[in-house]
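The exercises below are meant to be worked through with the sequence and the structure side by side. Try each task before reading its solution.

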Amino acid sequence: MLTEINETADSDTFCATGAAWMVEEAEKIYNLPFNDLLFRAHSVHRANFDPNAVQMSRLLSIKTGGCAEDCGYCSQSAHAPTGLKASKLMEVERVIEEARKAKAGGATRYCMGAAWRSPKDRDMEAVLAMVRGVRSLGMETCMTLGMLTLAQSAALAEAGLDYYNHNVDTSERFYGEIITTRTFADRLETLANVRDAGMKVCAGGILGLGETTEDRIAMLLTLANLPVPPESVPINMLIPIPGSKLADAPAVDPIDFIRTIALARILMPRSHVRLSAGRTDMSDEMQALCFFAGANSIFVGETLLTADNPGEDKDAALFGRLGLKPMQLGAAE
Ligand code: SF4
């Protein structure tokens, strides 16, 4: 087994065939001895990126709570008594002002998230104005607004939206255990619309929903085997939300989390793998191993939509200890 994988170690992808990744291949890699897995993931990382540069994004909730979807992990679902107060769509000028501050703080990408099943036509004008405004600051733009039609995707692309985030969350097999108000196929359809409209794709998932290792591997295979893999792959660790269906979900084993990051890096060599929600529950050492295994993007700022995130001082201290630096805009993509 080791020989087989070593033989492909010089290739970009470690994919023996150059075609779609197979489950057996991915499982073999995931289950390598930890040191071998990390060595291989780091080798792929180093061949494709500056290993000491981390892309920094800032995420703003432009419309919070009251969402019609029933995602079992989310504080913003109207189906869960999480106590979160719903708000209206933010004013365009306020969003642009917040983006300006984020840029001054070193963020190169500004992500705007709305708790919607999908945007309504009446909201599109404001949303498009936000894209144009943030883009005019010289930042990359990303939005997550729920499901999109091809026409909505085209309008966002036309306004200058660089990335659209739409996570597949988990494996197709396990999806219905977590979300019942839409299907895995719906997710893939939106991702296809975003790609067809010419935008870059940000799509990842969440660990800690009660899924198996096989589900985690299947989720990464779905992403890696898209016609074009996502340029950004956020890997989240569940933050259990009181009142949500997953309030008492058991914690993810840190070694399993790092293995998943390493597999994501190997399957998607040129993607930014983002260490996303859950960093407040990760030790510095765990984050350091994630960066070594190929994570090269984080969200900065005290909050991530409605969840806590390490403060900028804490991240600056960690970057200092690890000799990491913020990735410059446009690097390696
Ligand atoms: S994850 Fe998004 S779509 Fe699902 S309930 Fe939360 S805000 Fe709504």
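A charge sits over a ring if NZ of Lys or CZ of Arg is within 6 Å of the ring centre and within 35 degrees of the ring normal. This is a predicted model, in which local features need pLDDT of at least 70 and side-chain atom pairs count only at pLDDT 80 or more, while totals for chains, interfaces and linings use all residues. Residues are numbered from 1 along each chain as its sequence is written, and side-chain values use heavy atoms, with hydrogens and water left out.

**Exercise 1.** Find the ring that R109 lies over, and give the distance from the ring centre.

Solution. Then turn to Y30, where the charged end of R259 sits over the ring at 5.9 Å from its centre.

**Exercise 2.** Determine how the rings of Y175 and F184 are arranged.

Solution. Rings of Phe, Tyr and Trp (its six-membered ring) pair if their centres lie within 6.5 Å, and planes under 30 degrees apart count as stacked, over 60 as edge-to-face and the rest as tilted. A search of the whole structure finds two aromatic pairs. In one of them, Y175 and F184 have ring centres 5.5 Å apart and planes at 75°, so this pair is edge-to-face. F291 and F319 also form an edge-to-face pair, with 6.3 Å from centre to centre and 85° between the planes. Because F291 lies in helix α11 (residues 284–293) and F319 in helix α12 (residues 312–322), the pair ties together parts that are 28 residues apart in sequence; helices here are DSSP runs of H or I with at least four residues, and strands are runs of E with at least two, numbered from the N terminus.

**Exercise 3.** Decide whether Y175 is buried or exposed.

Solution. Buried means under 20% relative accessible area, exposed over 50%, and partly exposed in between (1.4 Å probe, protein chains only). Y175 has a relative accessible area of 2%, so Y175 is buried. F184, at 4%, is buried as well.
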